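I opened this structure for a first look. These are my notes, in the order I made them.

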Amino acid sequence: MFKNNLVRVLRAIRNYQHVKVLMSCRNDFYNNNYQLIRDTFGEDAIEIMLNWKSHPENMSDYEKRCIIERYMNHFEVQGSLHSAIVDMLIDKPLFMRLFFETHEHQDVTGLNYINSEEVYSKYFDAMCSDIQKVFEQDEDLADGNLPKSIVFHLVEWMLTNRVFKNLPYEKVQESLPVV
């Protein structure tokens, strides 16, 4: 359904030459779900700016800096990062995204070490807080621990079923506890 709606949106805006759509996803997700976009618009319409299939070791320092600068601009992160941190972030694209989200509107000058556990913890807490705000709008869902219990249930389901990618949304949703 998402990919069909995305094709509709792309059709609606393709005549606006100054409008671009930027998507970010894992390669396996892209390969499994976006054939419809390639079939509809052709390969020429899709510009893959960053493809992590080519190992980050093959990226120039300039390319790495461009990626980092885009993230810093988008999340309004100030300062500069040590080259070892840049390399570590480039090597782990998902973690890079989490790092910049958790450092939004902050100055990272002088940062010479990233505590991964702290980044994951901050991100998890922020997401739970955002979800909780949505739940608080509905008094039937206003349980203070609901977002965390859903995440823990999801992790438990993944471990029990030994499924860690391309989760079957319907099966996971069916197994959620009734609120």
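The entries below go from the whole chain to single residues.

**Entry 1: ground rules.** I am working with a predicted model, in which local features need pLDDT of at least 70 and side-chain atom pairs count only at pLDDT 80 or more, while totals for chains, interfaces and linings use all residues. Residues are numbered from 1 along each chain as its sequence is written, and side-chain values use heavy atoms, with hydrogens and water left out.

**Entry 2: confidence.** I looked up pLDDT, the predictor's confidence in each residue, from 0 to 100. The protein chain averages 76, and 69% of the residues score at least 70. Confidence is lowest in helix 2 (residues 27–33), with a mean of 66. It is highest in helix 6 (residues 93–102), at 90.

**Entry 3: the whole chain.** I listed the elements as DSSP runs, numbered from the N terminus (helices are H or I, at least four residues; strands are E, at least two). The protein chain has nine helices and zero strands. Next I checked burial (buried means under 20% relative accessible area, exposed over 50%, partly exposed in between; 1.4 Å probe, protein chains only). Of the 179 residues, 23% count as buried. Then I turned to contacts, meaning heavy atoms within 4.5 Å. Among contacts with a separation of 6 or more, 48% join residues 24 or more positions apart.

**Entry 4: helix 4 against helix 5.** Two packed helices are described by the angle between their axes and the distance between the axes. The axes of helix 4 (residues 61–74) and helix 5 (residues 83–91) come within 10 Å and cross at roughly 80°. The two helices are therefore roughly perpendicular (under 35 degrees is roughly parallel, over 145 roughly antiparallel, 65 to 115 roughly perpendicular, the rest oblique). Which residues in helix 4 meet helix 5? I found Lys64, Arg65, Ile67 and Ile68, facing Ser83, Val86, Asp87, Leu89 and Ile90 of helix 5. By class, this contact has five nonpolar, one polar and three charged residues (Ala, Val, Leu, Ile, Met, Phe, Trp, Tyr, Cys and Pro count as nonpolar, Asp, Glu, Lys and Arg as charged, and the others, Gly among them, as polar).

**Entry 5: helix 5 against helix 6.** Helix 5 and helix 6 pack at about 120°, with axes 5 Å apart. They are therefore oblique to each other. Met88, Leu89, Ile90 and Asp91 of helix 5 meet Pro93, Phe95, Met96, Phe99 and Phe100 of helix 6. I get eight nonpolar residues here, no polar and one charged.

**Entry 6: the buried side of helix 5.** Ile85, Val86, Leu89 and Ile90 are the buried residues of helix 5. Seen down the axis, they fall within an arc of 135°, so they line one face of the helix; the arc is that of the directions from the helix axis to the C-beta atoms. These residues pack against helix 4 and helix 6.

Entry 7: Is histidine 103 buried or exposed? It is buried, at 10% relative accessible area. Histidine 103 sits in the loop between helix 6 and helix 7 (116–136). Leaving aside neighbours within four places in sequence, histidine 103 contacts Val77, Val108 and Val119. Histidine 105 lies in the loop between helix 6 and helix 7 and is exposed, at 54%. Its phi is near 60°, a positive value in a residue other than glycine. Glutamate 76, in the loop between helix 4 and helix 5, has a positive phi near 55°.

Methods. Axes are lines fitted to C-alpha atoms, for helices over the stretch in contact, and angles run from 0 to 180 degrees between N-to-C directions.
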